[in-house]
Amino acid sequence: RDAQESRGLGDVYKRQQDYRSGIGEIREIALADGTRVVLDSRSAIDVRFDGRERRIILLQGEILVSTAVDTLGRPLRVQSRQGWVQPLGTRFTLRDDDRQAVLAVYEGAVDIYPGGATQAALRVHSGQRAHFDVHRAEGPMAAREADAAWARGVLVAEDMRVADFTAQLARYRRGFLRCDPAVADLRVTGAVSYTHLTLPTILLV
């Protein structure tokens, strides 16, 4: 069943989203089972609950999921274009990075099922992160609580390329944002509240 659903994701991604967030908006959703989902800027999900399972489909962007115990005993699965994950009483983020998905676990554990796999390829525990595509999962590596700081309105950079940090900032504002290629590979460390961004249309660092 999961393999069939994975192959049919093309149709899913043409659907209108159940929940979405706008540019610079962080949106928190409480689902019917008590699970809470926080949508990062420019993110979208579809929610499908039935008598057999609870399924959240990440259509775009990144989400922070805090799971709840289901009174009906239904498993929770979170699906992306690259496969799906099954949390085991946990808090985690899942980000769609086009060809791969990035999972970070902050409480509990999460199993990764790349593509239409029916057996878990990797179990990721609290304090770990991993990435996967439709073929395989790689990791785990160390996760940082700061990586989920966006849910509190803060973007954190730790020894990050200026070009990569600029690309992150661009997700939270309208207009065109870039850095000078001459400094793109320089490293930056710090934190910024995206709710107070007052950057010009073009950022030259």
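Visitor: Why is R48 called partly exposed?
Guide: R48 has a relative accessible area of 31%. Buried means under 20% relative accessible area, exposed means over 50%, and partly exposed covers what is in between, with a 1.4 Å probe and protein chains only. A value of 31% falls in between, so R48 is partly exposed.

Visitor: What kind of model do the values come from?
Guide: The model is predicted: local features need pLDDT of at least 70 and side-chain atom pairs count only at pLDDT 80 or more, while totals for chains, interfaces and linings use all residues. Residues are numbered from 1 along each chain as its sequence is written, and side-chain values use heavy atoms, with hydrogens and water left out.

Visitor: What makes the contact of R48 and D46 a salt bridge?
Guide: The N to O distance between these side chains is 3.8 Å. A salt bridge needs a side-chain nitrogen of Lys or Arg within 4 Å of a carboxyl oxygen of Asp or Glu, so the pair qualifies. D46 has a relative accessible area of 0% and is therefore buried.

Visitor: How many salt bridges are there in the whole structure?
Guide: A search finds 15. One of them joins R36 and E28, whose closest N and O atoms are 2.7 Å apart. Both ends are partly exposed: R36 has a relative accessible area of 39%, and E28 has 48%. There is also a network of salt bridges that links E53, R55 and R77.

Visitor: Which parts of the chain does the pair of D185 and R161 link?
Guide: D185 and R161 form a salt bridge at 2.7 Å, N to O. D185 is in the loop between α3 (162-170) and β14 (187-193), and R161 is in strand β13 (residues 154-161), so these are distant parts of the chain, 24 residues apart. Helices (H or I, at least four residues) and strands (E, at least two) are DSSP runs, numbered from the N terminus.

Visitor: Is D185 buried or exposed?
Guide: D185 has 57% relative accessibility and counts as exposed. R161, with a relative accessible area of 23%, is partly exposed.

Visitor: How do you know that β3 and β6 pair?
Guide: Two strands pair if DSSP finds at least two bridges between them. Strand β3 (residues 36-39) and β6 have four, in the antiparallel sense, so they pair. Across these strands, V37 stands opposite V65, and V38 stands opposite L64.

Visitor: Which other strand pairs with β6?
Guide: β6 also pairs with strand β8 (residues 83-97), in the antiparallel sense and over five bridges. There the bridge partner of L64 is T93 in β8. As for cover, four of the five residues of β6 (residues 62-66) are buried.

Visitor: What do β2 and β3 form?
Guide: They form a hairpin with five residues between the strands, and G34 in the turn has a positive phi of about 100 degrees. Strand β2 (residues 27-30) meets β3 in the antiparallel sense over four bridges. I29 stands opposite V37 in β3.

Visitor: How many aromatic pairs does the structure hold?
Guide: It holds one. The ring centres of W84 and Y113 are 3.9 Å apart and the planes are at 5 degrees. Rings of Phe, Tyr and Trp (its six-membered ring) pair if their centres lie within 6.5 Å, and planes under 30 degrees apart count as stacked, over 60 as edge-to-face and the rest as tilted. W84 and Y113 are therefore a stacked pair. W84 lies in strand β8 and Y113 in strand β9 (residues 100-114), so the pair ties together parts that are 29 residues apart in sequence. W84 is buried at 2% relative accessibility, and Y113 is buried at 10%.

Visitor: Which residues lie nearest the centre of the largest pocket?
Guide: They are E62, R95, D147, M160 and Q168, out of 33 lining residues. Among the elements that supply the lining, β13 gives the most, with six residues.

Conventions: 1 Å grid on protein atoms, 1.4 Å probe; cavity = no way out; pocket = protein on both sides within 12 Å on 5 of 7 lines; lining within 4 Å.
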